[in-house]
Amino acid sequence: TILVHCGCTTKQELELIAKREATIAICPISNIFLNTSILDIKYLEQLGINWCIATDGLATGRSFSLIKQAISLKKIYPFLTYERLFEHITETPAKLYNRKHYTGRIEVGTNADFLITDSVFTDKDVFFTELFEEKLNIITLSF
């Protein structure tokens with residue numbers, strides 16, 4: 001089960017969500033625009049609830065950019081590193097949709113997405129900082 005927003009859930013409801021092993025998709029830009037609550041990430045993680053960053057840009061007329069969603073969430077929760085935010089945009093949904101094992105690999109018979117930039121990085125923290133500060137010119141190729 002994927003639940004979206006869940007900003008008005010009680011602790012008891014969140015405990016039930018954790019027991020059912022549901023995932024919560026958080027759309028911070030929409031929550032801010034609609035003036036609704038954003039879940040306490042620390043509490044979600046304490047309960048072991050999977051969460052991912054999502055967008056419902058069509059519903060609110062706001063951004064489709066997952067990077068912008070992540071930046072918005074980081075403003076609320078500065079302890080979230082860019083690497084963790086990236087994980088909750090990519091790896092968490094891949095696990096949820098059971099795609100982690102057959103996409104993104106460079107092997108015959110798999111789907112692969114490549115992000116190409118004109119920059120060279122030897123430090124992942126520098127890469128994530130530039131990505132989330134929107135300093136990279138990125139082209140995405142899918143095979």
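Tutor: Ile 32 lies in helix α2, residues 28-34; helices here are DSSP runs of H or I with at least four residues, strands are runs of E with at least two, and both are numbered from the N terminus. This is a predicted model, in which local features need pLDDT of at least 70 and side-chain atom pairs count only at pLDDT 80 or more, while totals for chains, interfaces and linings use all residues. Residues are numbered from 1 along each chain as its sequence is written, and side-chain values use heavy atoms, with hydrogens and water left out.

Ile 32 has a relative accessible area of 49%, so it counts as partly exposed. The classes are buried for under 20% relative accessible area, exposed for over 50%, and partly exposed in between, with a 1.4 Å probe and protein chains only. Setting aside residues up to four places away in sequence, Ile 32 touches Ile 38, Ser 72 and Ile 76; contact means heavy atoms within 4.5 Å. Ser 72 is 40 residues from Ile 32 in sequence, yet their C-alpha atoms are 8.9 Å apart in space.

Now the fold around this residue. The protein has eight helices and five strands, which run along the sequence as β-α-β-α-α-β-α-α-α-α-β-α-β. Among contacts with a separation of 6 or more, 58% join residues 24 or more positions apart. Of the 143 residues, 35% count as buried.

In soluble globular proteins, nonpolar side chains tend to be buried together. The largest nonpolar core here has 26 residues, of which Ile 24, Leu 44, Leu 73 and Phe 132 touch the most other members. At least two residues of this core come from each of α1 (11-19), β2 (23-26), α3, β3, α5, α6 and α8. Such a core is a set of buried Ala, Val, Leu, Ile, Met, Phe, Trp, Tyr and Cys residues joined through side-chain atoms within 4.5 Å. Leu 44 is in contact with Leu 14, Ile 24, Ile 26, Leu 39, Ile 49 and Trp 51, leaving aside its neighbours within four places in sequence.

Strand β2 also holds Thr 23, which is buried because its relative accessible area is 3%. Beyond residues up to four places away in sequence, Thr 23 touches Thr 1, Ile 2, Leu 3, Asn 50, Trp 51, Cys 52 and Leu 96.

Helix α6 (residues 82-89) has Tyr 82, Leu 85, His 88 and Ile 89 as its buried residues. These cover an arc of only 120° around the axis, so they are on the same side of α6; the arc is that of the directions from the helix axis to the C-beta atoms. An α-helix has 3.6 residues a turn, so residues three or four places apart point the same way. The buried residues of α6 pack against α3 (41-47), β3 (50-53), α5 (66-76), α7 and α8 (124-132).

Glu 45 is partly exposed at 32% relative accessible area, and Arg 84 is partly exposed at 26%.

Glu 83 and Lys 124 meet in another salt bridge, at 2.6 Å, N to O. This pair links distant parts of the chain, with Glu 83 in helix α6 and Lys 124 in helix α8, 41 residues apart. The relative accessibility of Glu 83 is 34%, hence partly exposed.

Glu 134 and Lys 68 also form a salt bridge, at 3.0 Å, N to O. Here Glu 134 is in the loop between α8 and β5 (138-142) and Lys 68 in helix α5, 66 residues apart.

Last, the surface. Its accessible area is about 9,100 Å², and 54% of this belongs to carbon and sulfur atoms; areas come from the Shrake-Rupley method with a 1.4 Å probe, and for residues only the protein chains shown count as cover. Ile 2, Val 4 and Tyr 97 form a nonpolar surface patch with about 290 Å² of accessible area together. Patches are made of residues with over 30% relative accessible area and no salt bridge, where like charges are joined within 9 Å and nonpolar side chains (Val, Leu, Ile, Met, Phe, Trp, Tyr) within 5 Å. Tyr 97 sits in the loop between α7 (91-96) and β4 (113-117), and it counts as exposed because its relative accessibility is 53%.

How values were computed. Salt bridge = Lys/Arg side-chain N within 4 Å of Asp/Glu carboxyl O.
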